[in-house]
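Subject: The structure we talked about

Hi,

Here is the structure I promised you. Please open it next to this email, and then read on for what turned up.

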Amino acid sequence: MKFPHFSYASFLSGAMALAFACGATPSFAQVNAEQVLAIGRNVLSMEDYMLSIQYFNQAIKAKPYLADPYFFRAIAKLNLDDYKGAESDCSMAIERNKFKTEAYKVRGFARQNLGLDSLAIEDYNIGLQYNPIDKYFLFYKAVAQTEVKNFNGADSTFAVLLRQYPKFEEGFTARGRLNLERGDTTAAVEDIDKALALSKSMLNPYLLKAEIEWKRKNWQQAGEAMDAAIRLSPDLPGLYINRAFIRYNSDDFFGAMSDYNYSLELEPKSTAALFNRALLRYEVKDLARAEDDLSAVLSLDPLNFHALYNRGLIRMEQEKNEEALEDFKAIHNKYPKFYPVYYAMAEVKRNMGDMRSAMQLAFQADDLVKKYVTNPEKNPLDRPAIAAAESNDSRHTSDENESEVDVMEKFNRLVTVSEVAETQLSYNEKIKGRVQDRNVQVEPEPSYAVSFAQGPASLKSVSNYFRELDDLNQMRLISRQFYLSPGLPAGSDNELSRQIFSFADDISQQIKSGKERPIDRLALGVAQTMLKNFPEAISNFDIAISLDQRFAVAYMARGFARYAQSQANAIINRNSENESFLDRRAQAAALQEAISDYDMAISLNPRLVFAWFNKGNIYYSAGDYTSAMQCFSEALKIDPEFGQAYFNRGLAYLQSGNKSQAFSDLSKAGELGILPSYNILKRMK
């Protein structure tokens with residue numbers, strides 16, 4: 001069973017904010033383990049897993065006897081799909097503190113992803129000794145018991161779970177899967193209906209319902225369930241492949257073709273979508289394009305023999321006899337007892353006028369079949385796997401276990417993908433930070449930050465020229481060059497992060513040993529911003545501005561750090577059950593301070609387009625779409641080719657209900673290289 005990303009933002013409570021109030025810039029030579037751990041947890045809450053691991057590494061080096069750094073590093077590794085590393089780190093945390101119950105939960109979850117369900121159950125049992133009614137210990141245990149086919153045990157665990165949490169919709173969905181696994185379709189449907197009665201915004205119950213209905217060949221009901229699933233997650237290409245399968249069986253050929261086309265827009269290298277579209281094209285005798293699709297499949301998966309066989313048939317029908325024969329010979333070399341390929345080669349030879357070879361091949365096929373009928377165990381036939389997706393899908397019987405099947409017909413059958421089976425249960429707690437993995441979420445183009453890393457190359461036409469920044473670089477007062485880049489690029493680059501840590505340490509020592517310059521504080525603040533230690537970054541920018549009150553670059557940098565810190569605090573507060581009016585008020589005050597910084601930068605340079613853009617993003621994040629649109633419009637007055645401003649203003653129009661203006665802006669943004677515009681425009685249509 002494949003598990004989705006697992007996030008533990010709920011552990012990153014408001015208490016973390018207190019850790020940032022203390023002290024000056026930490027020296028990276030003498031690590032304050034508690035402070036570094038707190039920063040790492042903050043970075044983890046912002047889903048920058050690679051960078052958070054580096055902070056936890058420092059805490060472990062400073063105090064290797066602490067359990068928490070190992071535990072939180074395990075969570076980061078879990079979110080990077082490093083399940084073995086997460087399991088190992090949890091074990092280290094448990095060695096240091098066997099009463100850290102959440103470590104058993106995370107290790108159990110990692111073990112489930114590693115297929116070690118029995119060991120996972122042991123972890124959950126330990127956790128349940130400390131808290132017998134913990135929702136997720138019960139939930140994960142029941143899922144693991146289902147995986148090891150302990151259906152009675154799973155049923156008992158679900159009974160305890162749903163008695164304690166009768167409104168836990170994921171519990172009903174998971175029990176629905178259990179009931180489906182043991183063949184009780186009626187009970188499965190009842191559980192799915194209960195889950196949907198509690199929440200109609202969950203993807204998984206609809207996927208289960210679609211699966212049940214297509215097993216019953218109730219194609220209309222299966223299609224309705226899949227429609228609902230796609231409305232919730234329109235960015236999952238596998239859903240369109242499976243809906244196309246349903247539509248094809250409902251004789252909706254054009255609907256099926258449309259779904260395959262859109263699935264390939266989302267995932268151009270989907271072999272399942274390419275293969276199925278080829279079969280549909282073959283069916284209507286669009287032979288040239290069907291051959292192209294199968295050739296594309298084979299370029300991605302050269303060992304896909306069912307694609308090779310079908311391409312041979314299509315080539316034969318186009319009288320491309322030599323090419324068809326090459327395809328059939330490749331299958332014959334791999335599967336010498338796959339009798340249909342002999343008949344196919346015989347047909348090609350007949351078309352080429354070689355009647356003798358055609359008869360010999362047909363006799364060989366007849367002989368294989370006769371021997372099989374006489375003694376199937378002694379003379380088995382080759383039955384090539386239809387597709388990797390199907391062979392891993394429990395909905396279909398495997399070739400080894402099936403009785404006599406028309407293998408030729410199976411080689412020409414539409415395939416489904418296992419995404420339904422993989423997606424139907426979200427074995428994770430209710431975490432706010434990764435909602436984009438569950439439902440589509442349109443994100444505005446990011447604000448611009450002063451950093452030491454150049455942004456990635458793209459189709460976007462905007463020039464990141466910032467006059468004051470360029471002047472600063474020309475002076476060569478520090479060893480690194482400043483850039484203006486969208487967002488913060490450091491988190492996913494280990495080598496760059498190490499360099500920035502080292503640079504911050506060097507600048508800190510330089511400040512302590514010599515005369516303080518505004519650019520040194522700016523540089524240290526930029527480094528801390530890239531390392532997502534925003535409170536220390538802001539402190540350094542404060543000093544830089546106090547030394548030079550007309551330092552436009554510092555205002556831009558501080559505005560970004562203040563905005564980023566407010567976003568980080570918002571994540572923490574949303575995951576805290578004790579979020580207060582004061583928290584929200586402090587959040588609003590922090591955003592206003594960031595706006596003031598951008599206003600000051602604009603007063604120093606009225607044509608600073610990026611200050612207007614970043615200011616618009618702040619208003620957008622606060623839900624003030626009118627002010628956001630005004631700021632983006634000001635940016636476009638300065639630079640009419642600023643694609644990101646068109647995109648974000650289009651989103652603001654969309655949020656305000658003005659679809660006409662949104663369509664116009666998004667169309668222009670797409671023209672200027674902002675590629676997500678086209679996906680949004682397609683959905684708007």
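To start, in which helix is the place of His-306? His-306 sits in helix H18, which covers residues 305-317. Helices here are DSSP runs (H or I, at least four residues; strands are E, at least two), numbered from the N terminus.

Before going further, a word on where this comes from. This is a predicted model, in which local features need pLDDT of at least 70, side-chain atom pairs count only at pLDDT 80 or more, and totals for chains, interfaces and linings use all residues. Residues are numbered from 1 along each chain as its sequence is written, and side-chain values use heavy atoms, with hydrogens and water left out.

Back to His-306: it counts as buried because its relative accessibility is 4%. Buried means under 20% relative accessible area, exposed over 50%, and partly exposed in between (1.4 Å probe, protein chains only). The C-alpha atom of His-306 is 8.8 Å from that of Ile-331, although 25 residues separate the two along the chain.

Now look at two helix pairs. Helix H5 (residues 83-96) packs against helix H6 (residues 101-113) at an angle of about 155°, and their axes are 9 Å apart. Axes are lines fitted to C-alpha atoms, for helices over the stretch in contact, and angles run from 0 to 180 degrees between N-to-C directions. H5 and H6 are therefore roughly antiparallel. For that word, the cut-offs are under 35 degrees for roughly parallel, over 145 for roughly antiparallel, 65 to 115 for roughly perpendicular, and oblique for the rest. The axes of helix H27 (residues 518-530) and helix H28 (residues 534-547) come within 8 Å and cross at roughly 160°. That makes H27 roughly antiparallel to H28.

Next come the salt bridges, where a side-chain nitrogen of Lys or Arg lies within 4 Å of a carboxyl oxygen of Asp or Glu. The count comes to 43 salt bridges. One of them joins the side chains of Asp-89 and Arg-73, at 2.7 Å from N to O. Asp-89 belongs to helix H5 and Arg-73 to helix H4 (residues 68-79), so this pair links distant parts of the chain, 16 residues apart. Both Asp-89 and Arg-73 are buried.

Arg-107 and Asp-123 also meet in a salt bridge, again 2.7 Å from N to O. Since Arg-107 lies in helix H6 and Asp-123 in helix H7, the pair ties together parts that are 16 residues apart in sequence. Arg-107 is buried at 12% relative accessible area, and Asp-123 is buried at 1%. These two residues also belong to a network of salt bridges with Lys-84, Glu-87 and Arg-111.

Finally, which residues make a nonpolar surface patch of about 190 Å²? They are Leu-114, Leu-116 and Leu-119. Patches are made of residues with over 30% relative accessible area and no salt bridge, with like charges joined within 9 Å and nonpolar side chains (Val, Leu, Ile, Met, Phe, Trp, Tyr) within 5 Å. The areas come from the Shrake-Rupley method with a 1.4 Å probe, and for residues only the protein chains shown count as cover. Leu-119 is in helix H7 (residues 117-130) and is partly exposed, at 33% relative accessibility.

Best wishes
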